[in-house]
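Open the model in your viewer and keep the selection tool at hand. Each stop below says what to select and what to look for there.

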Amino acid sequence: MNNYKKCLIASLCLSITPGLYASDHALEFTKIKLTDKFWTEAPAIGDIDRDGHMDIVVGPYWYRGPDFKKRYMISAATETFERTKADGSQETVEGFEGALGAGKVTNNTDSHFTKIIDLNNDGWPDVLVVGMEPGQNPNQGSSVSASWYENPGRKALTKHLWKRHLVAENVGSFCVDFFDLFGDGAPVLLGMSIFAGMPGGQVGYFKPDGSDASKLWIFHPISAPSDEYHWFEHGLGHGDVNGDGRIDVLASDGWWEQPESHEHDVLWTFHPFPFALGPGQIRQGVLLFDIDADGRPSFSSVYGGSQMYVQDLNRDGFPDVIMSLAAHGYGLAWWEQLKDRDRFGNTQFKRHIIINKKPSENKYGVVMTEMQAIAFEDLDGDGLKDIVTGKRFWSHGGGDIDPESSAPATLYWFKQTRNADGIVEFIPYLVDNDSGAGAQIAVGDVNGDGRPDIVVANKKGAFVFIQKKP
């Protein structure tokens, strides 16, 4: 732990980190520590001030590119905590209590999803945020909300705070996304609407008002109500699962088929499938259990994984699914969609483990827990999308809820390869061992050299990994 604290003292740190395996495919990155403070688990990349350089949003701040040495406020940064110094005196530290503190506080930040997008069509990128209302706890009946902060234009380079527009309340799921679900050029917020004061909710989307995005966004359900949907549901994604040209919605327990018509908010057809089950596991409600050789269950984690992606990996004409298996446990996998259906006509998938609980379960000997966020992007420019994921360090405050909670906060990219025999493989390369990831990973060209870079944020702070030229 002392080594971790020493690494966090400097607010800006540069280093070169090679890939784990020496090969022609290993990428190298320059690591920039934006801050050692815990403000968010969901950074975002975009040109806030329209100067042609990418900037990075970290909680209530944005860091101006291209060097990210200066930060500006978006919203009031009032969160602090007290810690005891080596001499026994107390000091006040800005941000939520993360790795700089005792690690026993389980608070979440007020942002687990962030996207930079111009919502009022004034030409200036705004910031959309989903997360807990500041200073509140949803377990005590308060709200997780969606808000967007209106870019003040030239005033963004001053101490001027951005105007906040609250557009949706009672928003569930860690894996929300704002994207063009219907191919009509009008993005919506995919997530869950949680029933206020009652257990459960529905999967669906929040649609902005086309004439005024500052008005409350209307929720449109696609699923039936379920008491298993909750504030911080794990596992949600989207993609064309059945190849009909329409984007479907996936969750840990199945997928919803988008209908031809959306009149009268018709519910989408649900196809059940246990995507979040690893080897030798069963589900009981929202909990996940391991089954030993004698059939005895033992608690493993909460049920549900990460963001879910859809792509035909093996080029057999049937789209497959990529995800982590357990946000607070083990398992990274892709599910191969099979041609045959079960006796009820449901779509079937075959699980392919990339990494799991034991080093022996993959030929590279890699093990990592708490892969709550994954990105699926072409990192090395070979035309195939790769996986980027990392350990969400101290998800629940460094206690016993998460396995190996204090293990090194590793960050990996997994190169997608297709062998001559058609076998798909994801080869792991270590990016860093003292950063990890949060609830969302941002991948984009930060420095304008045409190569994708990686931005992460969690209880260890916020970090940029600039891909080096080969």
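Select Lys 415. Its relative accessibility is 4%, so it counts as buried; buried means under 20% relative accessible area, exposed over 50%, and partly exposed in between, with a 1.4 Å probe and protein chains only. The side chains of Asp 382 and Lys 415 meet in a salt bridge, 2.8 Å from N to O. A salt bridge here is a side-chain nitrogen of Lys or Arg within 4 Å of a carboxyl oxygen of Asp or Glu. Asp 382 is partly exposed, with a relative accessible area of 36%. Asp 382 sits in the loop between strand 28 (374-377) and strand 29 (386-390), and Lys 415 in strand 30 (residues 411-418), so the pair ties together parts that are 33 residues apart in sequence. Strands (E, at least two residues) are DSSP runs, numbered from the N terminus.

This is a predicted model, in which local features need pLDDT of at least 70, side-chain atom pairs count only at pLDDT 80 or more, and totals for chains, interfaces and linings use all residues. Residues are numbered from 1 along each chain as its sequence is written, and side-chain values use heavy atoms, with hydrogens and water left out.

Select Arg 71 and Glu 94: their closest N and O atoms are 3.2 Å apart. Arg 71 lies in strand 6 (residues 71-73) and Glu 94 in strand 8 (residues 90-94), so this pair ties together parts that are 23 residues apart in sequence. Arg 71 is partly exposed at 31% relative accessible area. Glu 94 is partly exposed too, at 27%.

Next, select Arg 246 and Asp 244. They form a salt bridge, with the closest N and O atoms 3.0 Å apart. Arg 246 is partly exposed at 24% relative accessibility, and Asp 244 is partly exposed at 28%. Then select Glu 41, Arg 392 and Lys 459, which are linked in a network of salt bridges.

Zoom in on strand 10 (residues 126-132) and strand 11 (residues 144-150). These antiparallel strands are joined by 6 bridges. Val 127 stands opposite Tyr 149 in strand 11.

**The core**

Which residues have the most contacts inside the largest nonpolar core? Select Val 130, Leu 189, Val 203, Trp 217, Leu 236, Val 249 and Trp 256; the core has 37 residues. A nonpolar core is a set of buried Ala, Val, Leu, Ile, Met, Phe, Trp, Tyr and Cys residues joined through side-chain atoms within 4.5 Å. Several strands each supply at least two residues of this core, among them strand 10, strand 14 (188-194) and strand 15 (201-207). Strand 13 gives the most, with 6 residues.

Stay on strand 13 and pick Phe 179. Phe 179 counts as buried, at 10% relative accessibility.

Select strand 18 (248-251) and strand 19 (residues 254-257). They run antiparallel, joined by 3 bridges, and form a hairpin with 2 residues between them. Ala 251 stands opposite Gly 254. On to strand 20 (residues 269-272), joined to strand 19 by 4 bridges, again antiparallel. There, His 271 is the bridge partner of Trp 255.

**A second hairpin**

Move to strand 26 (residues 332-341) and strand 27 (residues 347-355). They run antiparallel, with 7 bridges. Trp 334 has His 352 in strand 27 as its bridge partner. The hairpin has 5 residues between its strands, and Gly 345 in the turn has a positive phi of about 85°.

**Last stop**

Select Phe 299, in strand 23 (residues 297-302). Phe 299 is partly exposed, with a relative accessible area of 44%.

Terms used
Pairing = 2+ DSSP bridges.
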